Amino acid sequence: MTAPLDSEQRDHLVSALVRDEPRVLTRITSLFGRRGYNIRSLSVGSTEHPGLSRMTFVVTGDRGVVEQAMRQLEKLHDVVKIIDHSLEKFVDRELVLVKVAITPESRVEVRQIAEDFRARIVDVGRHALTFEVTGDEGKITAFIEQMRSFGILETMRTGRVALTRGSNADIPSHVYHAGETEALRPAVDGVEPRETRAGGVPNLF
Amino acid sequence: MTQTDLTGAKALWATLAGHGITTVFGYPGGAIMPVYDALTFYPEVRHVLARHEQGAIHAAEGWAKATGEIGVCLATSGPGATNLVTGLADAMLDSVPLLAITGNVARHLMGTDAFQEADITGITLPVTKHNYVVREVEELPRVIAEAIRIARSGRPGPVLVDIPKDIQLAAYHGEIAVPHARPEIPTPRPEAIERARELLQTAKKPVIMAGGGSLDAAAEITALARAWDIPVITTLMGLGAFPSSDPLWLGMPGMHGSVAANRAISEADVLLGIGLRFDDRVTGRVSGFAPNAAIIHVDLDAAEIGKIVRTHVPVRGDARAAAALLAEGARKLDLPEWRAQINEWKSRTVEPDHWGAGYAVKAVVDRLRPDDILSSDVGQHQMLAAQLARFERPRRWINSGGLGTMGFGFPAAIGAGMAEPGVTSIVIAGDGGFQMTAQELATLKKYDVRNVKICIINNSYLGMVRQWQELFHEKRYSEVYLGDSNPDFLKLADAYDVPGYRADCAEELPEAIDAWLADPKSALLEIVVPNEHGVFPMVPAGAALSEMIETEPPRAPTPGIERNAAAEEAKQP
């Protein structure tokens with residue numbers, strides 16, 4: 001009776017719009033930690049609205065775990081809205097810096113491969129080249145795999161960021177259209193979390 | 001309204017008073033001194049001085065649980081603030097609306113490990129619904145108003161506001177925030193109600209389970225159950241949500257639940273849960289919980305639905321509205337076989353008939369009048385009180401359900417008694433738990449509280465731990481014997497001018513209870529009971545509800561018991 005509808009363990013891409021206030025990051029990561037949800041990647045940045053930040057998480061788990069994590073997040077006072085990208089069409093990107101060891105013999109080949117991936121060279125050293133690659137997870141993983149044989153000295157990945165496709169469908173309109181900073185606070189105060197969609201339980205909320 | 005000559009501290013009191021807060025429980029200290037100083041200008045707010053911050057916050061919880069209104073407590077920085085943590089965690093798990101205000105060191109000292117500095121917002125992050133540090137004096141009234149709204153709205157909970165000392169002292173020129181309108185509680189969606197109703201109509205073995213979130217929907221739940229003729233189980237937190245005198249009442253479910261409640265859950269084909277969170281002490285082994293039932297779960301908190309048990313019909317929204325909607329168009333289910341089965345289970349209830357903790361608890365709770373408030377501490381006496389007390393209305397039963405906080409009962413009874421001075425506030429405690437907050441006897445003395453009646457069930461043990469050691473640790477009674485070092489409770493009470501009574505046997509009990517309840521002052525009754533009684537029925541941890549042990553197994557004397565008996569004898573003069 002208790003088996004979730006979709007018990008497959010996989011990565012879920014989730015964005016949260018949160019108030020830009022002290023300790024919000026701690027509050028959210030502490031919730032994840034306490035309840036045992038595993039965050040595989042996390043990126044945080046400001047939005048077009050002063051006072052609102054956007055976080056994108058990759059949470060690993062089955063459908064039920066992710067639903068529960070999102071509902072727990074939605075309860076936090078600082079969280080204005082949660083978007084589960086798996087329910088929508090979205091674009092996502094990740095940026096990585098990769099420092100690859102080079103020799104006089106390998107230099108040309110490394111540069112050629114990087115060009116194929118549209119990787120940009122951001123630093124040139126006598127024994128190493130540092131590339132910047134932007135793309136979805138698959139492209140970045142493929143690039144790193146290609147470079148592995150030459151010797152990867154260091155990498156740094158930013159974690160994924162994502163936006164829903166279309167014209168701001170995921171942002172409550174009265175937040176999105178709210179005016180300057182002063183107007184935002186009361187508008188955000190009134191924002192209800194979006195309706196929870198189908199998942200571990202039937203869609204009757 | 002704008003006021004002149006305000007400081008942050010005065011703005012705080014003006015905001016609290018403006019929100020109708022009449023009583024605050026607290027304890028002063030260096031970093032909250034400006035607030036205490038400003039208090040002298042606000043006689044409309046009563047401050048109750050506890051003897052420990054934990055006593056203050058549990059009293060605020062007792063106030064909130066009895067009235068349904070927000071409890072407020074106050075503490076200084078550092079050690080004062082950290083002493084609130086237990087109460088905050090307690091209020092979090094039991095969804096108690098609570099506002100905790102703490103002082104902190106001045107802003108320029110924050111983060112420097114200053115004297116009596118603690119990062120209390122960091123510490124209390126997981127045990128509060130929300131918390132704040134006030135960083136500018138202009139924010140203070142707004143933050144307090146918002147904290148009160150958050151604590152009371154939706155699923156209630158504790159909110160902490162930390163105020164640096166320099167902000168308490170700073171001049172304040174703004175407005176005093178007025179109360180927020182209470183936010184609309186979501187009404188359940190009609191489709192959900194319709195599906196729930198369809199399920200109920202086809203049920204052959206239905207049962208309703210009402211939890212702590214249903215207390216304010218007691219009238220609607222009672223009407224719903226009677227309209228459909230469905231039996232009702234009330235959880236530990238939900239006792240009083242349905243009148244015990246109604247033949248449809250089956251008692252409490254779970255680890256120490258009634259035979260009827262646990263069997264009914266195990267057999268049910270439709271289970272309607274209202275305002276409960278399927279705590280593990282209620283469900284037993286989850287895979288064995290209501291194995292045949294389609295579950296309808298009504299809860300305000302979407303995160304609770306599907307968290308523990310698979311829900312077939314989730315109904316998100318207000319318990320009152322949901323119960324009222326489900327009662328509409330009800331027709332009495334004609335289920336004679338289910339009724340007969342339930343009556344057979346109910347007949348298996350054995351009331352304590354020989355001297356022991358259960359007998360003593362029953363003698364006390366039988367004296368409850370419908371308006372009396374019964375609080376309990378945590379342990380065997382709590383479970384016995386929950387099993388044996390009868391409640392006709394909600395908010396007359398106050399205990400620490402989720403956190404199981406020893407030391408909770410007595411200060412909570414003081415808070416409840418101060419909230420409703422016209423009713424008797426009885427607390428049943430154990431000899432262990434009472435000593436965790438016994439210093440609050442001073443609060444009774446200081447405020448001449450006259451309606452708090454303390455009953456200590458003294459079995460010389462941490463009884464519930466002893467019971468588990470007996471059942472699951474081969475009777476190795478490790479560090480649970482208190483009898484050799486307990487105080488003379490009557491002398492202890494006397495030291496605070498609280499009258500004391502004692503009963504050592506069944507014969508003495510009626511007279512002692514009479515005298516204790518008749519005493520015009522708050523009074524203490526110690527009932528000395530044999531020390532090895534267990535609480536049954538019991539579902540062992542990890543077992544399914546259907547695997548409950550209905551009655552106490554016969555016991556044989558053990559070396560452990562003999563050793564403790566010898567120890568007891570040795571202390572006799």
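Which residues does B:Ile527 touch, not counting residues up to four places away in sequence? They are B:Trp355, B:Ala360, B:Val364, B:Cys455, B:Ile456, B:Ile457, B:Asn458, B:Ala503 and B:Leu509. This is a predicted model.

**Overall build**

- Chain B has 23 helices and 19 strands.
- Its radius of gyration is 25 Å, close to the 25 Å that the globule rule gives for 573 residues, so chain B is as compact as a globular protein of that length.
- The C-alpha trace of chain B spans about 75 × 75 × 45 Å along its principal axes.
- Of the contacts in chain B between residues at least 6 apart in sequence, 74% join residues at least 24 apart.

**Surface and charge**

- Buried residues account for 60% of the 573 residues in chain B.
- The accessible surface of chain B is about 21,300 Å². Carbon and sulfur atoms hold 53% of that surface.
- Chain B carries 52 positive and 70 negative charges.

**Nonpolar cores**

- The largest nonpolar core has 94 residues. Those with the most contacts inside it are B:Leu271, B:Phe289, B:Leu374 and B:Ile527.
- Another core, of 42 residues, lies apart from the largest one. Its members include B:Ala59, B:Cys73, B:Met418 and B:Leu441.

- B:Asn458 sits in strand 17, which covers residues 452-458 of chain B.
- Is B:Asn458 buried or exposed? Its relative accessibility is 7%, under the 20% cut-off, so B:Asn458 counts as buried.
- Not counting residues up to four places away in sequence, B:Asn458 touches B:Asp431, B:Asn486, B:Phe489, B:Glu526, B:Ile527, B:Val528 and B:Val529.
- B:Leu368 is 90 residues from B:Asn458 in sequence. In space, the two are 20 Å apart, C-alpha to C-alpha.

**Helix 1**

- Helix 1 of chain B covers residues 8-18 and is mostly covered. Nine of its eleven residues are buried.
- The buried residues are B:Gly8, B:Ala9, B:Lys10, B:Ala11, B:Leu12, B:Trp13, B:Ala14, B:Thr15 and B:Leu16.
- B:Gly20 follows helix 1 of chain B, and its phi is positive, near 80°.

Technical notes: Residues numbered from 1 in each chain as written. Chains lettered and ligands numbered in written order. Predicted model: local features only at pLDDT ≥ 70, side-chain atom pairs only at ≥ 80, totals over all residues. Heavy atoms only, no water. Helix = DSSP H or I, 4+ residues; strand = E, 2+ residues; numbered from the N terminus. Rg over C-alpha atoms; globule rule 2.2 N^0.38 Å. Buried < 20%, exposed > 50% of the residue type's maximum accessible area, 1.4 Å probe, protein only. Contact = heavy atoms within 4.5 Å. Areas by Shrake-Rupley, 256 points an atom, 1.4 Å probe, with all protein chains shown as cover. Lys, Arg positive; Asp, Glu negative; His and termini not counted. Charge placed at Lys NZ, Arg CZ, Asp CG, Glu CD. Core = buried A, V, L, I, M, F, W, Y, C linked by side-chain atoms within 4.5 Å.
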